[in-house]
Amino acid sequence: MQERPRRYPSDTSDAQWVVIEPLLPPLARRGRPVAHARRDVLDAILYVVRTGCAWRALPVDFPPWQTVYWYFNQWEQQKVTEKILPVVRGSLRIAEGRDPEPSAGIIDSQSVKGADTVGQDSRGYDAGKKTGGRKRFIVTDTLGLLLTTMVCSASVQDRDGAKPILLNLYLRTRVRFVYADAGFAGRLLDWAATILQTTIEIIRKPPEQRGFTVLPRRWVVERTLAWLTAHRRLARDYERHPTTSEAMIRWAAINTITRRIARGYPATASRNTRHPQPTRISNTL
């Protein structure tokens, strides 16, 4: 079994692979020998997420698309992305001088157009954004790193769609303080405080605001949505099932976080500044 050469911008770097490899399910000890390197499979998944191509349109130097899609489904059934995400997020938070587990989060939603592959049972129309398709809810920490996500019909109101994702946040993290925009105001605040012991603080636009203005806290989650939609598979929703859309979002977040870990210097640094090559990062978590 020989690995393919790394030739696409979406391919994992050696430093990324050192972080991700121990977090993948172990190889089965019985059965047929593995025909394709798992790094090649991972690179193929990230190629689909980053470029937005169809599974059947994978370049021929990747493993067969049926094999890649099989691994994608198997790993989701084993909740691989849900296990990888908190580990790499904690590693990056430690590198940034933060506690590995955040205590505050920021919630937001994004309506995206749905392709013809999105079924009527999970698509709708967002009258406010004038968008027909699906709505993504995400919660990030104060660094903009993804905590959890949920995908539903675009017709769902923010205050209604926030309940399942906040419940998931409550069960998976120790976050008990969340920033949100005015779309989440109303009965949701009392529900979160009573049921989840979680405080939601609404960040409202100043009354005198005209045009675009960067708002405190809210800009962090909006930047994360921009990071995610830079992965072209997320520019529009192509998935038949909302859970597959959620998996694509998690893979995009894992790709972004591990690239930041592997890079070894802040993303805000000047592009013209020379930086030392990042050293290999061992996974100690």
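# Briefing on a predicted protein chain

In the hairpin formed by strand 2 and strand 3, four residues lie between the strands, and lysine 130 takes a positive phi near 50°. Helices (H or I, at least four residues) and strands (E, at least two) are DSSP runs numbered from the N terminus, and residues are numbered from 1 along each chain as its sequence is written. This is a predicted model, in which local features need pLDDT of at least 70, side-chain atom pairs count only at pLDDT 80 or more, and totals for chains, interfaces and linings use all residues; side-chain values use heavy atoms, with hydrogens and water left out.

**Confidence**

- The protein chain has a mean pLDDT of 90, and 91% of its residues reach 70 or more; pLDDT is the predictor's confidence in each residue, from 0 to 100.
- Confidence is highest in strand 4 (residues 146-153), at a mean of 97, and lowest in helix 7 (residues 218-229), at 93.
- Over residues 278-285 pLDDT stays under 50, and the model has 18 contacts beyond four places in sequence for this stretch. Contact means heavy atoms within 4.5 Å.

**Overall build**

- The protein chain holds eight helices and six strands, and from the N terminus on its elements run α-α-α-α-β-β-β-β-α-β-α-β-α-α.
- Its radius of gyration is 20 Å, close to the 19 Å that the globule rule gives for 285 residues, so the protein chain is as compact as a globular protein of that length. The radius is taken over C-alpha atoms, and the globule rule is 2.2 Å times the number of residues to the power 0.38.
- Along the principal axes, the C-alpha atoms fill a box of roughly 60 × 45 × 40 Å.
- Of the 285 residues, 48% count as buried. Buried means under 20% relative accessible area, exposed over 50%, and partly exposed in between (1.4 Å probe, protein chains only).
- Among contacts between residues at least 6 apart in sequence, 65% join residues at least 24 apart.

**Strand 3 and its partners**

- Nine of the 10 residues of strand 3 (residues 131-140) are buried, so this strand is largely enclosed by the rest of the structure.
- Strand 1 (residues 104-113) pairs with strand 3 in the antiparallel sense over eight bridges; two strands pair if DSSP finds at least two bridges between them. Across this pairing, serine 109 stands opposite phenylalanine 137 of strand 3.
- Strand 2 (residues 124-126) is also antiparallel to strand 3, with three bridges, and tyrosine 125 has glycine 132 in strand 3 as its bridge partner.
- Strand 3 and strand 4 run antiparallel and are joined by seven bridges. Here valine 139 stands opposite threonine 148 in strand 4.
- The hairpin of strand 3 and strand 4 has five residues between the strands, and glycine 144 takes a positive phi near 90° there.
- Strand 4 is mostly covered, with eight of its eight residues buried.

**Leucine 145**

- Leucine 145 sits in the loop between strand 3 and strand 4, and it counts as buried because its relative accessibility is 2%.
- Not counting residues up to four places away in sequence, leucine 145 touches Arg89, Leu92, Arg93, Val139, Thr140, Ile257 and Arg260.

**Nonpolar cores**

- In soluble globular proteins, nonpolar side chains tend to be buried together.
- The largest nonpolar core has 49 residues, of which Ile45, Trp55, Leu58, Trp75, Ile84 and Trp251 touch the most other members. Such a core is a set of buried Ala, Val, Leu, Ile, Met, Phe, Trp, Tyr and Cys residues joined through side-chain atoms within 4.5 Å.
- Elements that each supply at least two residues of this core include helix 1 (14-20), helix 2 (38-51), helix 3 (65-77), helix 4 (80-95) and strand 4. Helix 8 provides the largest share, nine residues.
- Leaving aside neighbours within four places in sequence, tryptophan 75 is in contact with Leu24, Pro25, Arg38, Val41, Ile45, Val80 and Trp251.
- A second, separate core of 20 residues includes Val139, Leu169, Ala180 and Leu188.
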